[in-house]
Amino acid sequence: MSRSGPARALGLEHLRHRGPDGSGEWTSPDGRIWLGHTRLAIVDLSPTGAQPMRDEETGNVIVFNGEIYNHQQLRAEMRRAEVQWKGTSDTETLLAGYRFWGEEVVKRAKGMFAFVIYDAARDGLFVVRGPLGIKPLYYESSEGGMRFASEIRALVAGTKQVCDAKGLSSFLQWGSCPETEFIFPNVRMLGAGHWMTVAADGTAETERYWPANEFRPIPATGAPAQVRKLVEEAVASHLMADVPVASFLSGGIDSSIITALAAQASNGRRLQTFSVGFPLAEFDETNIAEQVARRYNTDHHRIAVGEERAIELVQEAVEKLDAPSVDAINTYIVSKKVADCGIKVALSGLGADEIFGGYPTFREAPLLRLIGAIPRGIRRLCSGFGTLGARLADIPSGDLMSVAIWRRRLWSDEMLRAAGLPISALPIEPPPELGDGFAQISWAEISVYMRQMLLRDSDQMSMAVSLELRVPFLDLDLVEYALSLPAREKTRYRIPKGLLIEACRDLLPENVYNRPKMGFSLPMDPWMRGPLRAFASAGLEEVERLKLLAPGAVGQIAGRFEERKIHWTRIWSLVVLGHYLKRVGIGGAPEKADATTSEFEHSPVHRA
């Protein structure tokens, strides 16, 4: 908050892609606090929706990223307060709600959000990130104060950064940075379902407001009908906008359900749908997507991407990354093509696999848990049988949640040791009490793979092209209901996501759900051996130049990839890392860290 004017302007300029429709700044009278915002105008396109927004009655000021889907309901509840509304934006609703309910407004708001409010009465800040972490909120604490931003680039712009060995190790283990261990040692992410208060003296305290301590089991009677009701309500609420809302339509179960319900709830407006076809992809679902589009009379766009252009977009996506990730490429390609058609808002089917059991993890974790019960010393004997054996040696002994988290690892302990990097446990907040193993696996997928990779990648890759991505399956009421249902109700149909399919079967052509899960797949392995070889080599050379790994480690990993002994994602993580660090200007070897495990510290206190 104490950066100079030019540094502040630089940080704001680095967020211009997130909000090309306008920008604004506010500085406290004493110059101690500065708030900046770039606007993607979606709700209330007039100047009354501009930010930073000030409450004239209290002097409170807000900068807000996201959407409050029930904001009209909140306005209705505040009628007795006789609020004098200036416009129709959910930002104004949130600001008035803070005046009316204080911190409790967070628990009343339904949507995806991250925001900072300057509380004039306290002369401090109230900083919030939504329950499921759909929207990001990064912060950096130093002797000069605290800074918050929607992207890391706004925090590190114009500053000298070092690379942290522990954060580097965590990235390579998981393919994305955990929220408390980024490769920059001073950068953190406010946890999903957390808020932070920063007092006038700079003292900061963090509190977890969601979830509650437990998800109590609920009766499963009528579950398909209740799921259908909740999904319908979620999709309808996510159509809130003063601009057209489109839908990604891959042809899979999840996007087809979202599209069907969105088309039915569009109030006579013809829904625009988009599918991307790639001729060399392993699978192409665009023909199925077109069947769904015809059934619901959508304005459908099938966008063909040739191999040459797709390879260009892969490199472009890496250049756009705000944080390194082994994933994200597909999301960028789809988002870029949709945004090029003038769309600002699109619906995505993300989240259904996590809450309804669509991933192989739900079937494999119980078996892996049995393997994990074998003494580790015996399992280590398998490490000589290649990559799979080395990975099996690392399976944790314990509950299904721990095993499900482990399954998402990319680099094994053996690979990290060979690279000279510390081995640390994934820092994750304690889970709520969950009813059964299915819910434990769901929570693992929600907390790790979904939140720390899929949601972060979806946000950074869509907002890189000024597109807001909405995820109706992550409506909080729907998520809480699914987590509270007993496992038998979610597994009785004997097919992945059986409960969701049963609830929405009438919406779908049979060939949407009666076939294997497919997807928009890029042939990254052959590309990295062919047209992307030079790009991949450049990333690896940068990692070597910076001496991030033990001598010879990069060459050893590259050799294993050439011999087809490791999956392409293992080496792609180094390629992405090298290009990313070159762009942000990192220099020198990482700061060393002890090779010990680390534990998540709940509700830490951050001092400015």
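This is a predicted model: local features need pLDDT of at least 70, side-chain atom pairs count only at pLDDT 80 or more; totals for chains, interfaces and linings use all residues.

User: Are α7 and α8 roughly parallel or roughly perpendicular to each other?
Analyst: Helix α7 covers residues 223-237 and helix α8 covers residues 253-264, with their axes 9 Å apart. They pack at an angle of about 70°. Angles of 65 to 115 degrees count as roughly perpendicular, so α7 and α8 are roughly perpendicular.

User: What kinds of residues make up the contact of α7 with α8?
Analyst: On the α7 side you've got Arg228, Val231, Glu232 and Val235, meeting Ile257, Ile258, Leu261 and Ala262 in α8. Sorting the residues of that contact gives six nonpolar, no polar and two charged.

User: Which element gives the most to the lining of the largest cavity?
Analyst: That cavity has a volume of about 820 Å³, and 45 residues line it. Closest to its centre are Leu15, Gly36, His37, Val63 and Ser150. Several elements supply at least two lining residues each, among them α1 (5-13), β4 (61-68) and β2 (34-39). The one that gives the most, with six residues, is β2.

User: How do the residues lining the second largest cavity divide?
Analyst: This one holds about 180 Å³ of space. Of its 18 lining residues, the closest to the centre are Gly111, Met112, Ile134, Leu474 and Leu476. β5 gives the most here, with three residues. The lining divides into ten nonpolar, four polar and four charged.

Technical notes: Residues are numbered from 1 along each chain as its sequence is written. Side-chain values use heavy atoms; hydrogens and water are left out. Axes are lines fitted to C-alpha atoms, for helices over the stretch in contact, and angles run from 0 to 180 degrees between N-to-C directions. Helices (H or I, at least four residues) and strands (E, at least two) are DSSP runs, numbered from the N terminus. Angles under 35 degrees count as roughly parallel, over 145 as roughly antiparallel, 65 to 115 as roughly perpendicular and the rest as oblique. Contact means heavy atoms within 4.5 Å. Ala, Val, Leu, Ile, Met, Phe, Trp, Tyr, Cys and Pro count as nonpolar, Asp, Glu, Lys and Arg as charged, and the others, Gly among them, as polar. On a 1 Å grid over the protein atoms alone, a cavity is a set of points where a 1.4 Å probe fits but cannot get out, and a pocket is an open set with protein on both sides within 12 Å along at least five of seven lines; lining residues have an atom within 4 Å of a point. Grid points are joined across faces, edges and corners, and a volume is the space filled by probe spheres set on the points.
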